[in-house]
Amino acid sequence: MAQSVVQPTAGTTTPLRLPIRAVLPWAAFFGVLMLALLYFVGAEQGATSVFSGTGVHEWVHDGRHLLGFPCH
Ligand SMILES: [Zn+2]
């Protein structure tokens, strides 16, 4: 009893095409989001503080030390 074996064809891959017009708004959105996060972790303290008090600073305090920002 013979069984047929399907051989994979070699060399038939096509390169992935990224539609720049579809990706660009998401890249801009996440870029702005990451900049806001970087601000809150790295500079939300003292004279550059947007929110009064130390609530935001205390909330991101461990991340601040983890990323090497000067703190105390
Ligand atoms: Zn600290």
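**The nonpolar patch and its surroundings**

Guide: Confidence in the protein chain is highest in helix α1, at a mean of 94, and lowest in helix α2 (residues 55–59), at a mean of 86; pLDDT is the predictor's confidence in each residue, from 0 to 100. Over the protein chain the mean pLDDT is 85, and 88% of the residues reach 70 or more. This is a predicted model, in which local features need pLDDT of at least 70 and side-chain atom pairs count only at pLDDT 80 or more, while totals for chains, interfaces and linings use all residues. Residues are numbered from 1 along each chain as its sequence is written, and side-chain values use heavy atoms, with hydrogens and water left out.

The protein chain has three helices and zero strands, in the order α-α-α from the N terminus. Helices (H or I, at least four residues) and strands (E, at least two) are DSSP runs, numbered from the N terminus.

The patch itself consists of W26, F29, F30, L33, M34 and L37, which together have about 640 Å² of accessible area. Patches are made of residues with over 30% relative accessible area and no salt bridge; like charges are joined within 9 Å, and nonpolar side chains (Val, Leu, Ile, Met, Phe, Trp, Tyr) within 5 Å. A salt bridge here is a side-chain nitrogen of Lys or Arg within 4 Å of a carboxyl oxygen of Asp or Glu. Areas come from the Shrake-Rupley method with a 1.4 Å probe, and for residues only the protein chains shown count as cover.

F30 is partly exposed at a relative accessible area of 41%, and F29 is partly exposed at 46%. Buried means under 20% relative accessible area, exposed over 50%, and partly exposed in between (1.4 Å probe, protein chains only).

The whole structure holds five aromatic pairs. One of them joins F29 and F30 edge-to-face, at 5.2 Å centre to centre with 70° between the planes. Y39 and F40 also pair edge-to-face, at 5.3 Å and 65°; Y39 is partly exposed at 24% relative accessibility, and F40 is partly exposed at 27%. Rings of Phe, Tyr and Trp (its six-membered ring) pair if their centres lie within 6.5 Å; planes under 30 degrees apart count as stacked, over 60 as edge-to-face and the rest as tilted. W26, F29 and F30 form one aromatic cluster.

In the loop between α1 and α2 lies A43, which counts as partly exposed at 28% relative accessibility. Leaving aside neighbours within four places in sequence, A43 is in contact with L38, T48 and R64, where contact means heavy atoms within 4.5 Å. H61 is in helix α3 (residues 61–67) and counts as buried at 17% relative accessibility.

For the protein chain as a whole, 10% of the 72 residues count as buried. The accessible surface comes to about 6,700 Å², with 69% of that area belonging to carbon and sulfur atoms. Among contacts between residues at least 6 apart in sequence, 17% join residues at least 24 apart.
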